[in-house]
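Visitor: Hi, I'm new to this one. Could you walk me through it?
Guide: Happy to, let's have a look together.
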2 protein chains.
Amino acid sequence: MKALEDRIREEGRILPGPVLKVSSFLNHQIDAGFIMELGAAIAEHYADSGVTKILTIESSGIAIAVAAGAALHVPVLFAKKHLTSNVSGDLYQTIVHSYTHGTDYTVIVEREYLREEDRVLIVDDFLANGKAIEGLLDLIGQAGAEAVGVGIAIEKGFQEGGMKLRESGLPVFSLAMIDRMDENGIVFRSENCQ
Amino acid sequence: MKALEDRIREEGRILPGPVLKVSSFLNHQIDAGFIMELGAAIAEHYADSGVTKILTIESSGIAIAVAAGAALHVPVLFAKKHLTSNVSGDLYQTIVHSYTHGTDYTVIVEREYLREEDRVLIVDDFLANGKAIEGLLDLIGQAGAEAVGVGIAIEKGFQEGGMKLRESGLPVFSLAMIDRMDENGIVFRSENCQ
C-alpha cells in the first residue's frame, strides 16, 4: 500500500535492533483517519473469506483491528496480556515470548468470545518474528475455531515470522513489507518486485 | 445515549466491587460498528471545542478514542502504562493508582506528541474514581497544553471521579451514567432526571 510506504519513509525512524519507530501515526500517536483506511484495506483483502471475528492483541493492534472490524462488520476481540480482576469465567491462555522486552507474558481471551464456529482473521500492527501471532493461533486452536488469515500493517520481511506462517499454509497479507532497513534507509518488498 | 444504556442492560454483568462487565462489546470483545457510533457521539458533543488532539490510555480506551478521532479528524495519542524499548526520547510521565488492580503504575507519553498549543480532549471507556483521567490531566499540564474536556462511554455516577472533575471546571460528557447498580439491576442517571 503506497500510502503506508510513503508514510513510513517520511515519518519512520530506524532504531537499533533494528526497530522501526512509527509512533507518530501507528502505535503511540494514531492518525485515526489513516488507520481507518489501513483497516479497510485489510478488510477488502479478506472480504470473501467469511470472517466472523477479528482477533488482535493489546495494545497497539487494537486500533487497526477495530478499523478492519468496522469495515467487515464483525466483532473484534483483543487478547489481554495479563489477568485483570474484571476478567471472569473460563479463559483460553497461552504464553508469548517478547523479543522486544526479553520476557514471556501470558495472553488470555475469554472462552465465550471465541467459538468453534468462528472464522478468525488475525490483525496486528507489526509482524516480525511472529511470536504474538503464533500465540493468537494457539488461542484459536484451543477454541477449535478456524484461522482464515492474517492482516498486518507493517511486516519485517527480513525476519522469519511471515515466512513461517505462509509455509504453514496460512494466508498473510501485509500492507507494507520491509525487506531491509538500516542507516541507508528502507527498502520495501514492492521495490524488489518491480 | 439510549443505545448504549440498552446495550449495558442487555449484556452488562454486575460483579463484586461493584464492577460492570461489558466485555461483550466494549473492552475485550468490541462491537466495532457500535464503538464508531459511540466515538462519533463524543465527537459531536465536542465538535465546537477546537480539539486538536485526543488523549487516552491503553488499552481499553484506544478503540473509542480512535472512533472519536476519526470523527473529529484529529490525531489520537494513547498514554502507555510502562516503558517499552521502542519508546525513545523525552517523556512526560506520571503515576496512576489503580483501585482495580491495587497497584500504582507509570503512564508515559512522548513529549513530541503533546504540545503547548494542543487543545486536548480526553476519551476513555470508563470513569469511576477518576484516577486515570487525573493522570492524563497531569501529562497535559506538564506539556503546557489545554484540556478542553472529557468524553466517556460509561460513567459510574455513584463514584466521585466525575463530580471532582466537573467541580474543577472541566466539561465531562458521558454517554451513559450509572447512578446505582446492584443485585436489583442498573439505574441510569437519565431515569433519575426524567
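Guide: What follows is a short tour of this predicted model, from the chains down to single residues.

Visitor: Let's start with the two chains. What rotation superposes chain A on chain B?
Guide: A rotation of 180° with 0.0 Å of shift along its axis does it, and the RMSD is 0.0 Å. That is the relation of a two-fold axis.

Visitor: And through what surface do the copies meet?
Guide: They meet through the same surface, because 100% of the interface residues of chain A are also interface residues in chain B.

Visitor: Okay, what is chain A built from? How many helices and strands?
Guide: Chain A has six helices and 11 strands. Its radius of gyration is 16 Å, close to the 16 Å that the globule rule gives for 194 residues, so chain A is as compact as a globular protein of that length. The C-alpha trace spans about 50 × 40 × 35 Å along its principal axes.

Visitor: What share of its residues is buried?
Guide: In chain A, 56% of the 194 residues count as buried.

Visitor: Now the sheets. What order do the strands take?
Guide: One open sheet has seven strands in the order β11(A)-β10(A)-β9(A)-β8(A)-β4(A)-β5(A)-β3(B), and the pairing is mixed. At its edges stand β11 (185-188) of chain A and β3 (29-30) of chain B; each has a single partner strand, so one side of each is left without a neighbour in the sheet.

Visitor: A strand of chain B in there! How does β3(B) pair with β5 of chain A, parallel or antiparallel?
Guide: The two pair in the antiparallel sense, over two bridges. Looking at residues, L77(A) has Q29(B) in β3(B) as its bridge partner. There is also a helix on this sheet: α2 (residues 32-45) of chain A packs there and touches β8, β9 and β10 of chain A. The direction of α2 makes about 125° with that of β10(A).

Visitor: Tell me about β10(A). How many of its residues are buried?
Guide: Eight of the 11 residues of β10(A) are buried, so to speak mostly covered, by the cut-off of under 20% relative accessible area. On one side, β10(A) runs parallel to β9(A), joined by six bridges, and V150(A) and V172(A) are bridge partners. With β11(A), the pairing of β10(A) is antiparallel over four bridges. A hairpin through two residues joins these strands, and R180(A) stands opposite V187(A) in β11(A).

Visitor: What about the other sheet, which strands does it hold?
Guide: That open sheet of seven strands has the order β3(A)-β5(B)-β4(B)-β8(B)-β9(B)-β10(B)-β11(B), again with mixed pairing. Here β3 of chain A and β11 of chain B stand at the edges with a single partner strand each, so one side of each has no neighbour in the sheet. Strands β4 and β5 of chain B pair in the parallel sense over four bridges, with L55(B) opposite L77(B).

Visitor: Which strands does helix α3(B) touch?
Guide: Helix α3(B) packs on that sheet and touches β3 of chain A as well as β4, β5, β8 and β9 of chain B. Its direction makes about 175° with that of β4(B). Helix α4 (residues 131-143) of chain B packs there too, touching β4, β5, β8 and β9 of chain B, at about 165° to the direction of β8(B).

Visitor: Is α3(B) mostly covered or exposed?
Guide: Mostly covered: 10 of its 11 residues are buried, including I62(B), V66(B) and L72(B).

Visitor: And what comes just after α3(B)?
Guide: There you find H73(B), which takes a positive phi of about 60°. H73(B) lies in the loop between α3 and β5 of chain B and is exposed, with a relative accessible area of 72%. In chain A, H73(A) has a phi near 60° and counts as exposed at 71% relative accessibility.

Visitor: Last one: where is the cis peptide bond in chain A?
Guide: The cis bond runs from G17(A) to P18(A), with omega near -5°. P18(A) sits in the loop between β1 and β2 of chain A. In chain B, a cis peptide bond joins G17(B) and P18(B), with omega about -5°.

Notes. Residues are numbered from 1 along each chain as its sequence is written. Chains are lettered from A and ligands numbered from 1 in the order in which they are written. This is a predicted model: local features need pLDDT of at least 70, side-chain atom pairs count only at pLDDT 80 or more; totals for chains, interfaces and linings use all residues. Side-chain values use heavy atoms; hydrogens and water are left out. Copies are superposed by least squares on the C-alpha atoms of residues with pLDDT of at least 70 in both. Contact means heavy atoms within 4.5 Å. Two strands pair if DSSP finds at least two bridges between them. Axes are lines fitted to C-alpha atoms, for helices over the stretch in contact, and angles run from 0 to 180 degrees between N-to-C directions. The radius of gyration is taken over C-alpha atoms; the globule rule is 2.2 Å times the number of residues to the power 0.38. Buried means under 20% relative accessible area, exposed over 50%, partly exposed in between (1.4 Å probe, protein chains only).
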